[in-house]
Every structure is written in C-alpha cells, then in structure tokens.
Amino acid sequence: MRKSLVEGFNSGLGMERSYYVATANPFARASKLEGEAQADVVVIGGGYTGLHAALNAAERGYSVILLEAGRIGWGASGRNGGQAIPGWRKSATELMSRFGRERAKFLFELALDARSLTMERIAKHGIACDLHVNGHLTLAAKPSDLSWMNAEMETLASVMDYPHARVLSASETKAKVASVDFHGGFLDECGGQLHPLNFALGLTDAARASGVVLHEDSRVVRIESTEGVVAHTQSGVVQARFGVLACDALLEGLEPRIAGRIMPVANYLVATEPVPDPQTLIADHLAVSDSRFVVNYFRMTEDGRLLFGGGERYSPHPPGNIEAFVRGHMASIFPQLRDARIDYAWGGLVSISMTRLPHIGRMGDLFFAHGYSGLGVLLPALMGKVLVEAMAGTAERFDVLAGIAPPEFPGGAALRSPLYVLGMLWYALRDRL
C-alpha cells in the first residue's frame with residue numbers, strides 16, 4: 001500500500017529538526033482514539049483551521065472531538081514561515097477586477113476580520129508565540145513591480161478604506177533590509193510575525209480548556225456523511241451531528257470530491273546561527289518576502305536568527321540535503337551570510353488552488369476549508385468561525401466564501417501534478433529572466 005503523506009512525505013521533511021520544535025512551549029500529548037465515541041462535532045485535522053473550528057464550536061456549546069493523524073500542529077500550521085499577512089493571496093486590485101467593487105470590499109473586510117480574530121485569540125488565551133505586529137514588507141524584484149505596488153496602495157486607501165500600506169523607495173527599503181538591492185518595497189503596517197507552532201499549541205491548550213476532546217495518532221481513513229458524520233480511524237469511530245474536514249495539503253484521497261481543487265506543494269526553510277546585531281539585517285522585526293512568483297520569505301527570530309524559506313522543487317521527493325538546497329537561495333538575497341552556520345533545516349507541505357483563493361464549502365453535514373495558498377496563518381481564524389456559524393444556521397458569510405470556490409485543477413487529482421509542474425517551471429523561468 002502506498003504510504004500516506006502523513007506517514008511518508010511530510011514525515012520526511014524534518015519537522016523534528018525544525019527551529020520551532022526546538023523552541024516549542026511545553027505541551028501534553030493527547031491520547032489515541034480507541035473504540036467508539038459520540039459528539040456534536042467531529043473535527044478532522046489538528047492544524048489552525050481545525051483548532052479554530054473546534055474552539056468556536058465548543059464556545060457555542062457543542063461537544064467536540066478533534067482527530068489528528070499525527071501530532072497536533074505538526075502539519076503546515078507548525079512549520080510555516082510564521083508571517084501574518086493581512087488579506088488574500090489575490091491583491092485588492094485583483095479582487096476588484098475579478099469580483100467588482102462591492103463584493104471585493106466585502107471580501108477584503110472578511111480578511112481583516114481574520115486578522116482581528118487571530119489577534120483576539122492570542123490576547124484572550126495569553127498565547128506566548130513571539131508575536132510582533134510591525135509590518136510585512138514585499139520587496140520589488142523588478143522595476144515594474146513599483147507600478148502595481150502604487151496601484152495597490154491607491155486601491156487600498158480609496159476603495160478598501162485601508163490607509164496602512166505604503167510604497168517604499170529603494171533607499172528606504174535598503175534601510176529596512178540589508179540584502180542585495182531591490183527596487184523598492186510595499187509595506188503593510190498591519191502585517192506581522194509569530195512562532196507558528198507555539199501559536200498552534202496555544203490554540204490547542206485553549207481548545208482543551210474549553211472542553212474539546214483531543215486525539216493524536218488517530219488518522220481518519222474513511223468518512224460517512226449521508227446522515228450526520230461518521231469518522232473511522234484504524235482503532236475507533238466517532239459519530240457526530242456535524243463534521244469539519246481540515247486536512248489541507250494532507251487530504252490525499254480521504255474526500256475525492258474536493259481533492260482535485262487543491263495541490264500539495266513542498267516548501268523548505270532554514271534557521272541560521274544567531275547573527276551579530278540582527279536589527280541591522282532586518283529592522284523592526286519585519287516579516288519580509290519578495291515579489292517573485294516563486295517567493296522567498298524571511299524574518300528574524302526572537303533569539304536573533306535569520307529564518308529563511310525559499311526555492312522551488314517540483315518533485316514529490318524532498319531534497320537529500322534541505323540545508324544545502326535552501327542555502328543557495330538565502331545567499332542570493334543575503335550574500336554576507338553565505339558562510340553562516342545553519343542550525344535548523346526542515347520542510348513541509350502547503351496547499352494551493354488554481355485561483356490562489358481558498359476552497360470553502362460543505363457536503364451535507366461535513367464542512368471544509370483548505371487551499372490558503374501561502375496565507376494560512378491568519379485566514380483559518382475566519383474559516384473556523386464561519387464554518388461553525390453555518391452549522392448553527394447563520395450562513396451569510398459562509399455563502400460568500402463558498403462563492404469564491406476555485407475550479408478543479410485540469411485533470412483533477414490524478415493529473416494535476418505533471419500539469420502544475422510545467423506551469424511552475426514556466427513561472428520560475430520568468431523569475432530568472
């Protein structure tokens with residue numbers, strides 16, 4: 001039998017060798033599901049989406065059981081770049097073009113709700129996750145990027161009533177990031193950064209305190225959703241009135257009806273040794289990325305390390321040496337760190353969609369949300385709340401989000417990978433040119 005992504009691919013991407021695991025807050029492991037159980041809501045997946053949904057459901061008075069195939073927070077939620085970027089993967093200008101002024105503004109306001117809900121969770125539950133909200137900076141890799149950056153700043157201010165973004169000159173950008181020269185930058189002052197695994201573990205502790213029953217090492221192998229939701233693991237079963245499917249890139253074939261709407265993509269990160277005077281490398285604890293289609297992203301950690309993610313790989317197999325794979329990309333941005341010691345190197349799977357907008361919906365009493373396409377730190381707070389609103393009979397926001405569903409990848413789940421590889425190779429070539 002082919003190994004699952006949980007047992008094979010993702011476990012080969014070095015989570016145990018990540019900076020986040022090395023600096024994780026204490027966490028009491030949850031038991032494996034054994035035998036039969038019942039609840040109002042069964043949540044499948046212990047990442048941000050599942051944890052937010054479980055918390056919201058418990059706060060509404062539902063009994064909740066959460067099933068995680070491996071360890072809670074060890075999927076994309078606990079191994080990502082930790083960049084809290086407001087909005088969608090599509091810019092406000094692109095939303096306007098695609099959906100019109102009124103609908104685009106409503107969608108943008110929903111994304112801001114996601115940010116507010118995330119910050120409220122962190123404050124309410126006292127989650128220690130190295131949060132800094134000093135801004136997110138997008139570096140202009142090409143001179144032409146400044147044109148869309150200025151247009152985006154104008155759209156945000158005049159249409160979205162969002163005056164928190166500005167375009168920086170090349171010299172202003174250089175003062176913020178001591179990298180190779182970029183042509184300027186786009187600063188969203190409401191962006192930020194956090195320790196993603198500690199954020200997930202904090203949500204888990206809050207869910208446990210709210211009465212959510214947690215089970216790790218409890219991979220769901222089959223779901224029945226014709227009458228309520230029944231989730232089967234190899235050693236137990238949960239019967240529930242409602243279900244939340246929150247597996248994202250590790251969905252595999254668990255629900256074939258939606259698997260073709262997302263594509264699992266591997267990403268790789270490193271953390272260097274502590275650097276001298278980290279504020280001179282990246283100022284103000286900014287979260288930073290560049291404007292390339294195959295994006296590089298980086299920030300300083302709380303203890304003064306450069307955390308860098310970047311590069312592209314279009315194979316289902318991770319590189320033999322993640323450190324060596326990422327080092328070249330890091331050195332192309334920060335040549336002064338070419339010989340810096342790398343203390344941690346790991347990777348993980350995220351999911352993308354055809355439109356880079358998430359896929360939210362329901363199949364009977366089974367609700368789902370996935371496909372955040374690189375913006376999965378803030379948006380799950382909104383999705384977890386909206387899915388539970390719809391369960392409780394208030395579906396206005398759910399219906400709006402379900403209305404932006406991306407199309408299936410050409411060829412569906414069976415053929416999406418080779419076609420996607422061809423597309424990514426083309427875009428990677430455009431980056432280099």
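**A helix across strands**

Author: Helix 9 (residues 322–333) lies across strand 12, strand 13 (287–290), strand 14 (297–300), strand 15 (305–309) and strand 16, and runs at about 75° to strand 12. Contact means heavy atoms within 4.5 Å. Helices (H or I, at least four residues) and strands (E, at least two) are DSSP runs numbered from the N terminus. Axes are lines fitted to C-alpha atoms, for helices over the stretch in contact, with angles from 0 to 180 degrees between N-to-C directions. This is a predicted model, in which local features need pLDDT of at least 70, side-chain atom pairs count only at pLDDT 80 or more, and totals for chains, interfaces and linings use all residues. Residues are numbered from 1 along each chain as its sequence is written, and side-chain values use heavy atoms, leaving out hydrogens and water.

Reader: In what order do the strands of the open sheet stand?

Author: Strands of a sheet pair through backbone hydrogen bonds, either parallel or antiparallel. Here eight strands form an open sheet in the order 5-6-4-13-14-15-12-16, with mixed pairing; two strands pair if DSSP finds at least two bridges between them. Strand 5 (165–168) and strand 16 (342–352) are the edge strands, each pairing on one side only. From one strand to the next, the twist averages 20°.

Reader: Over how many bridges do strand 12 and strand 16 pair?

Author: Strand 12 (residues 263–274) pairs with strand 16 over ten bridges, in the antiparallel sense. Trp-346 in strand 16 is the bridge partner of Leu-269.
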